[in-house]
Amino acid sequence: PAANRRSTKTLKCNPSICKEKEKVVDFVEIEEICKKVSYCRCWRSKKFPLCDGSHNAHNKETGDNVGPLVLKVAE
Ligand code: FES
């Protein structure tokens with residue numbers, strides 16, 4: 001039934017980042033990474049592709065549990 005269908009808009013995980021592009025792909029050269037860097041996986045960061053902590057508000061608002069991908073140099 002139509003009432004049970006979710007709109008296409010609610011199925012999109014990217015609400016606003018680079019919507020003019022067909023696909024958002026980011027390239028990072030390994031030399032750019034210092035000791036530790038966090039990449040956004042919630043698609044709500046103002047510093048995308050880097051995490052700015054926006055996932056906290058998203059999780060609180062929606063009950064979701066997303067967080068960043070953290071890359072760090074092995075010790
Ligand atoms: Fe998106 Fe942190 S802001 S994972």
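**View 1. Lys 72 sits in strand β2, residues 69-72.** Strands here are DSSP runs of E with at least two residues, helices are DSSP runs of H or I with at least four residues, and both are numbered from the N terminus. Keep in mind that this is a predicted model, where local features need pLDDT of at least 70 and side-chain atom pairs count only at pLDDT 80 or more, while totals for chains, interfaces and linings use all residues. Residue numbers start from 1 along each chain, as its sequence is written. Is Lys 72 buried or exposed? Lys 72 counts as exposed because it has 11 C-beta neighbours inside 10 Å. The cut-offs go like this: 20 or more other C-beta atoms within 10 Å of a residue's own makes it buried, 12 or fewer makes it exposed, and anything in between is partly exposed, with C-beta atoms placed from the backbone. Leave out residues up to four places away in sequence, and Lys 72 touches Lys 35 and Lys 36. Being in contact takes C-beta atoms, placed from the backbone, that lie within 7 Å. Lys 72 and Lys 35 are 37 residues apart in sequence, yet their C-alpha atoms are 5.4 Å apart in space.

**View 2. Here's Arg 44, in the loop between β1 (36-39) and α2 (54-62).** Arg 44 is buried, because 21 other C-beta atoms lie within 10 Å. Which residues does Arg 44 contact, leaving aside its neighbours within four places in sequence? They are Pro 15, Ser 54, His 55 and His 58. Take Ser 54: it is 10 residues from Arg 44 in sequence and 6.0 Å away in space, C-alpha to C-alpha.

**View 3. Two residues with a positive phi, Cys 18 and Trp 43.** Most residues other than glycine have a negative phi, and most peptide bonds are trans. Cys 18 isn't a glycine, but its phi is positive, at about 45°. You'll find Cys 18 in the loop between α1 and β1, and it counts as partly exposed because it has 13 C-beta neighbours inside 10 Å. Trp 43 isn't a glycine either, and its phi is near 65°. Trp 43 belongs to the loop between β1 and α2, and with 18 other C-beta atoms within 10 Å, Trp 43 is partly exposed.

**View 4. A cis peptide bond joins Phe 48 and Pro 49.** What is omega for this bond? It is about 15°. Pro 49 lies in the loop between β1 and α2.

**View 5. Phe 27 is out in the loop between α1 and β1.** Phe 27 has 6 C-beta neighbours inside 10 Å, so it counts as exposed. Phe 27 and Ser 38 are 11 residues apart in sequence and 14 Å apart in space, C-alpha to C-alpha.

**View 6. Helix α1 (residues 8-11) and helix α2, by confidence.** The chain's elements run α-β-α-β from the N terminus on. Where pLDDT is low, the predicted coordinates should not be read in detail. Over the protein chain the mean is 86, with 85% of residues reaching 70 or more.

How values were computed:
Two residues are in contact if their C-beta atoms, placed from the backbone, lie within 7 Å. pLDDT is the predictor's confidence in each residue, from 0 to 100.
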